[in-house]
Every structure is written in structure tokens, then in C-alpha cells.
Amino acid sequence: MTADRVVLGIESSCDETGVGLVRLAADGTVELLADAVASSVDEHARFGGVVPEIASRAHLTAMAPTMRRALDESGLELSDVDAIAVTAGPGLAGALMVGVAAAKAYASALGVPLFGVNHLGGHVAVDTLEHGPLPDRCLALLVSGGHSQLLLVEGIAERITEVGTTIDDAAGEAYDKVARILDLPYPGGPPIDKQAKLGNPKAIAFPRGLTGPRDAKYDFSFSGLKTAVARWVETAQREGEDIPVPDVCASFQEAVADVLTAKAVRAAKDLDVDTLVISGGVAANSRLSELAAQRCAEAGITLRVPRPRLCTDNGAMIAALGAHVLASGAKPSPVDLGANPGLPVETIVVQ
Ligand code: KG4
Ligand code: ZN
């Protein structure tokens, strides 16, 4: 029987430097040991979005201290690590490169295998740290500043297939852009969520993108919604009216949550899947989780949403995916592993 193994995960695809540690037990279960994250979000705030150069530099300065924090949190030493996993893509090229270079250095210094894994798979794998093993088949809805995807997961280390994606903006990106229109701070999700609770979701009938009978059933589009909000606000301003920010937020939020949950539940039913995992920064949205819970219950679907801290980018999700990949017996990534900003979701581990 194999003894427990410690897997270290490094994440640097966007604006979070994450280092996580997990324990892979002999029976394949994975337990969280440490999750240290350093975010450069404040440095991007005045630009209203992530600036790649700033993110890369922030990863460089944060990598070693974040590693130290993760080790301290777990009470382990680097010599206890049995394998290293790193985000190989998708993400920002320069940002990914910092993590990949660090992971290679640690892996070669320690003489342990290195696995270059997929960031999107990590967002799904993280739920096993909170809710235990995933069923053989499940559907994942990934919604963050960079992604809006529906994925069919048939074994977290075996097969992940894209069922639908956004044809323009990601859900979180729409939140960030609408926040800018309304003079709310960046990132826009939390302030819009807060304002929406004070408003009427039926006040303004904003469009539900790609929900016509001939539209792609499982793809998303949020760009038209963002433009509709901008037009509505411009018109009100031109007519000298005060902008009812809570109503605009509530109506916008309702449109996003409605489309995301309707498409996810429809895909789950069509694909005969009985479990839905929602992950990514937007999974923290109060209306999205409320509506998803309601619609999943009506459809007999089990809903799994990791706690917000695990939903946003972190190293533990990469360690978790690395542990499942290690348990599957996959061979490590080659020594010339590189960052791949466009890594396809189907590539769970680079080989
Ligand atoms: O996963 P994440 O931390 O980073 C990536 O983009 O990969 O997601 C960040 C996104 C931002 O666009 C932010 O506005 C959004 O998640 N977000 C939310 C909420 N909290 C964060 N969107 C809606 N409601 C929230 N409560
Ligand atoms: Zn992400």
C-alpha cells in the first residue's frame, strides 16, 4: 500500500500568487494542509482590470514569501514534499512563466516529479478538498473574471470536455465593466452584489444573451448585457435623472444569474448528469448561489459550491488537481515544460 504523499501546488495564471499543500491518502482522498495566497488586485484597481506586466512582477516578488507562508501554515518543510504541480495554462503568458519557472526550480532541487496542470481543471478539483470525491460524471460551471465555461467532467484526472463557453466577455468581466459604468470600485462583483440586495431585480428588463431558440444552447454572451446597461445609464443621464444604482445592479445580476443557472441545469439534464459544481470568483455571488440551489433542487441535481476562498484562484486547487493526477498514475511533465497561455481545457496535465 502506498503511504500518504504531500503535493505542493503553485498558481500564477492571473493576479493571485498561490501556494497550496495537500495530502494524498492511500485511498485517493485529498486533504487540504495549507493555502497561502498573495493578490496583486489592489495594484490593478485604478486600471479597472488586470495589467499583465504588473501581475508578472508581483508574482516574482510574492513567490518565495508565499511559499514560506504555506510551509509554515502546514508545519511541513520542503523536504516533506513528494510532488509539485503548477498551473501550465491557460492564463497570462508572463504570469504563468513565473510559476512554471519556480516550480521547475523547486522540483529539480528536491528531486521530485513535476506536473504542469490545467488551471480550469484545478477550479473543479478544489471542490474535492471541501466535499470529498466527485462522482464519476459531473458538470462544472466555472465563472470568474477570466472564464465562463460549462465542463463535463468524467474523472477529474481522466477526461474534461468543454460543453459551452462565452463567445465574448466572461461573467466576472461583465461585473467589472458594469461596476465601472456605475462608478463602483474594482473588482465589481462584491459591490454590485451588495447594491443588488437593495434593489428590485424586475425594475429593468435587461437582455438574456444567447437564449433564443436558434442560439447555441450551452454558450454564453455577456457583452450585449453590458452594452444594454451602458445604454440604459446613458439615456437616464441624458434625461437628467438620478441613476437608481440598486435597481440597475439587481436587474443586471438577475440577468446573469438567470442565464448561468438556466443553461447549467439544461446541460446537466441533457447530459444526464446529477451533480453540478460551481466554481470561480463569481460563484461567491449571492443571487447565483440562491438561484442555482433553487433550480438544482427542482431538477433533482446535487449542487456543490466550494467556500469562496477556494473558488477564487489559489494554489490549493492546483495541488488538489496535481494529487488526483498523481493518484491516477500519470507520468510527470517533461523537464522542458513551458507555460501555455492557450492550454486547451481537455489537457488536464501536460505530457
Ligand atoms: O476567480 P477570480 O478570483 O479570478 C479570476 O478571474 O480568475 O474571479 C474574479 C472575478 C471578478 O471579475 C469579480 O468581480 C468576480 O469574480 N466576483 C464576483 C463576486 N465576487 C467576485 N462576481 C459576482 N458576485 C460576487 N460576489
Ligand atoms: Zn481562475
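## A zinc site and its surroundings

The donor residues of the zinc ion (ligand 2) follow the sequence spacing H-x3-H-x23-H-x165-D. His119 sits in helix α4 (residues 119-125) and Asp313 in the loop between α11 (308-311) and α12 (315-327), so this pair ties together parts that lie 194 residues apart in sequence. Please keep in mind that this is a predicted model, in which local features need pLDDT of at least 70 and side-chain atom pairs count only at pLDDT 80 or more, while totals for chains, interfaces and linings use all residues. Residues are numbered from 1 along each chain as its sequence is written, chains are lettered from A and ligands numbered from 1 in the order in which they are written, and side-chain values use heavy atoms, with hydrogens and water left out.

**The zinc site**

- The zinc ion (ligand 2) is coordinated by His119 (NE2), His123 (NE2), His147 (NE2) and Asp313 (OD), at 2.1 to 2.5 Å.
- Donors here are N, O and S atoms within 2.8 Å of the metal (3.2 Å for Na, K and Ca); water is not among the atoms, so sites may look incomplete.
- The angles among the 4 donor atoms of the zinc ion (ligand 2) run from 88 to 166°, and the site is irregular.
- Irregular is what remains when four donors are neither tetrahedral (all angles between 85 and 135 degrees) nor square planar, and six are not octahedral (for both, opposite donors over 155 degrees apart and all others between 65 and 115).

**Around His119**

- His119 is buried, at 0% relative accessibility, and Asp313 is buried too, with a relative accessible area of 13%.
- Buried means under 20% relative accessible area, exposed over 50% and partly exposed in between (1.4 Å probe, protein chains only).
- Leaving aside residues up to four places away in sequence, His119 touches Glu11, Ser13, Thr87, Gly89, Pro90, His147, Asp313, Met317 and Ile318, where contact means heavy atoms within 4.5 Å.
- The side chains of His119 and Ser13 are joined by a polar contact of 3.3 Å.
- A polar contact is a pair of N or O atoms within 3.5 Å; within protein, one must be able to donate a hydrogen and the other to accept it, and residues adjacent in sequence count only if both atoms are side-chain atoms.

- Helices (H or I, at least four residues) and strands (E, at least two) are DSSP runs, numbered from the N terminus.
- Strand β2 (residues 16-24) has 8 of its 9 residues buried, so it is largely enclosed by the rest of the structure.
- Strand β1 (residues 5-11) runs antiparallel to β2 and is joined to it by 7 bridges, with Gly9 opposite Gly20 in β2; two strands pair if DSSP finds at least two bridges between them.
- A hairpin of 4 residues links β1 to β2.
- On to strand β3 (residues 30-39), β2 makes 9 bridges, again antiparallel, and Leu21 has Ala34 in β3 as its bridge partner.
- The hairpin of β2 and β3 has 5 residues between the strands, and Gly28 there takes a positive phi near 90°.

**Helix α6 and beyond**

- Helix α6 (residues 171-181) has buried residues Ala171, Gly172, Ala174, Tyr175, Asp176, Val178 and Ala179.
- The elements covering these residues include β6 (138-143), β7 (148-153), α7, α8 and α9 (245-270).
- Just after α6, Asp183 takes a positive phi of about 60°.
- Lys197, in the loop between α7 (189-196) and α8 (223-238), is exposed, with a relative accessible area of 59%.
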